[in-house]
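This report describes one protein chain for a reader who is new to structures. Look at the sequence and the model first, then read on.

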Amino acid sequence: MIATKLYGDMPFEGQPESGWPNAGKLSAVNIRRSIDASLKRLQTDHLDLYQIHSLTPESTALTDPVLHRHLADLGARGVSIGVSTSGPRQADAIRAAIAIEVDGLPLFHSVQATWNPLDSADSCGSAAGAA
């Protein structure tokens, strides 16, 4: 399985690190560019899994229908779309993510969550029942 994920500003060759609106985080343009850069680094032309890294309840990945459409189109080409979470509100982020559908189909198909048995905060355990 070949997988990669995206989070944060990703400067690309010939483009400044800031000042360009589509360079930021989870825009469709940035996702296309980050996938191309990952494929080049991985020396392949295929991805099996693409994840949105460090999803939080406030993430635009949960609310942007243009982004959802772009990710669904990527999924229609055979790439499984997923999310990774961390922090104290993982359950909220996971619940919100698994509720997103595009054309009646679930958008996200995998979750990578941080779980610490020594942490008494409700990290992601209660979201497991929702999935």
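## The sheet

In this predicted model, four strands form an open sheet in the order E1-E2-E3-E6, with parallel pairing. Strands (E, at least two residues) and helices (H or I, at least four) are DSSP runs numbered from the N terminus, and two strands pair if DSSP finds at least two bridges between them. Strand E1 (3-6) and strand E6 (110-113) are the edge strands, each pairing on one side only. From one strand to the next, the twist averages 25°.

Strand E2 (residues 49-55) runs parallel to strand E3 (residues 80-85), and five bridges join them. Tyr-50 has Ile-81 in E3 as its bridge partner.

## The chain as a whole

The protein chain has four helices and six strands. From the N terminus on, their order is β-α-β-α-β-α-β-β-β-α. Of the 131 residues, 37% are buried; buried means under 20% relative accessible area with a 1.4 Å probe, counting protein chains only.

Residues are numbered from 1 along each chain as its sequence is written, and side-chain values use heavy atoms, with hydrogens and water left out. Local features need pLDDT of at least 70 and side-chain atom pairs count only at pLDDT 80 or more, while totals for chains, interfaces and linings use all residues.

## Helix H1

Helix H1 (residues 28-42) has 15 residues and reaches 21 Å from its first C-alpha to its last. That is close to the 21 Å expected at 1.5 Å a residue, where the expected span is 1.5 Å times one less than the number of residues. Just after H1, Gln-43 takes a positive phi of about 55°.

The buried residues of H1 include Ile-31, Ser-34, Ile-35 and Ser-38. An α-helix has 3.6 residues a turn, so residues three or four places apart point the same way. The buried residues of H1 pack against E1, E2 and helix H2 (65-76).

## The nonpolar core

A nonpolar core is a set of buried Ala, Val, Leu, Ile, Met, Phe, Trp, Tyr and Cys residues joined through side-chain atoms within 4.5 Å. The largest has 24 residues, of which Tyr-50, Ile-52, Leu-55, Leu-71 and Phe-108 touch the most other members. H1, E2, H2, E3 and H3 each supply at least two residues of this core, and H2 gives the most, with four.

Which residues does Phe-108 touch, not counting residues up to four places away in sequence? Among them are Ile-52, Leu-71, Ile-81 and Val-83, where contact means heavy atoms within 4.5 Å.

Note on methods. Buried means under 20% relative accessible area, exposed over 50%, partly exposed in between (1.4 Å probe, protein chains only). Axes are lines fitted to C-alpha atoms, for helices over the stretch in contact, and angles run from 0 to 180 degrees between N-to-C directions.
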